[in-house]
Amino acid sequence: MNCPPKVGHKTFGMETRKNRKWTYDDKLEVVRMYEKGYGCNVISYNTGITKGQVILWLRRYRELGLSGLEKQRPLKLSPKVKAEIMHEIKKKGLSLQSASITYGISPSALWQWQQAFCSEHSSVLPAVSKTGKPMGRPKKKTPQTELEKLRVENLELKAELAYLKKVRALVEQRENCVGVIVPKPSKD
């Protein structure tokens with residue numbers, strides 16, 4: 001089989017870059033190339049799209065048709081629903097790509113849920129923002145009693161002392177490395 005002419009990365013859709021957003025037309029072109037008989041490796045090489053991404057688009061096309069190539073809208077699911085989906089994936093032994101097609105959730109989102117699920121060792125995933133950080137700031141407890149206030153002040157003073165010791169050690173280390181002798185203040 002003859003390979004198609006090499007399609008320059010800049011002529012196939014937008015310019016190549018990391019975390020590129022591929023258009024519906026780019027995905028459709030991949031499907032057309034596959035239907036012409038080109039393999040995933042050739043398509044990946046010619047388009048600059050990773051082989052895994054090509055395989056995922058082809059699977060979505062086979063299972064969902066043209067609608068499988070359309071952009072997926074992010075779902076806002078509760079931690080409980082996310083945990084249920086992760087339990088189903090584990091119970092059925094689904095790959096992230098298969099689960100992505102089944103539940104209509106991107107493989108990267110499922111991977112993030114899986115990481116959070118494994119690290120939490122619990123049945124409920126923590127609520128996270130779009131950036132992947134836990135939502136909300138932990139609330140500071142205000143000391144109630146005089147004893148609690150003194151303990152908080154003591155901890156703050158210990159932290160300040162440790163910080164100052166570290167700064168002093170770093171300054172001394174830099175002086176020793178540079179070999180510069182800095183005159184110490186006189187005691188007079």
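A: **Salt bridges, one by one**

Glutamate 172 and arginine 168 are joined by a salt bridge between their side chains, with an N to O distance of 3.5 Å. This is a predicted model. Both residues belong to helix α7 (residues 146–178), where they are 4 residues apart, about one turn of the helix. Arginine 168 counts as exposed because its relative accessibility is 59%, and exposed means over 50%. Glutamate 172 has a relative accessible area of 37% and is partly exposed.

Salt bridges with shared partners also link Glu88, Lys91 and Lys92 into one network. Within it, lysine 92 pairs with glutamate 88, and their closest N and O atoms are 3.6 Å apart. These two residues lie in helix α4 (residues 79–92), 4 residues apart, so about one helical turn separates them. Lysine 92 is exposed, at 52% relative accessibility, while glutamate 88 is partly exposed, with a relative accessible area of 27%.

Another salt bridge connects arginine 32 with glutamate 29, the closest N and O atoms being 3.9 Å apart. That distance counts because the cut-off for a salt bridge is within 4 Å. Arginine 32 and glutamate 29 are both part of helix α1 (residues 24–35), 3 residues apart, about one turn of the helix. Arginine 32 is partly exposed, with a relative accessible area of 42%, and glutamate 29 is also partly exposed, at 28% relative accessibility.

Over the whole structure, the search finds 4 salt bridges.

Terms used
Residues numbered from 1 in each chain as written. Predicted model: local features only at pLDDT ≥ 70, side-chain atom pairs only at ≥ 80, totals over all residues. Heavy atoms only, no water. Buried < 20%, exposed > 50% of the residue type's maximum accessible area, 1.4 Å probe, protein only.
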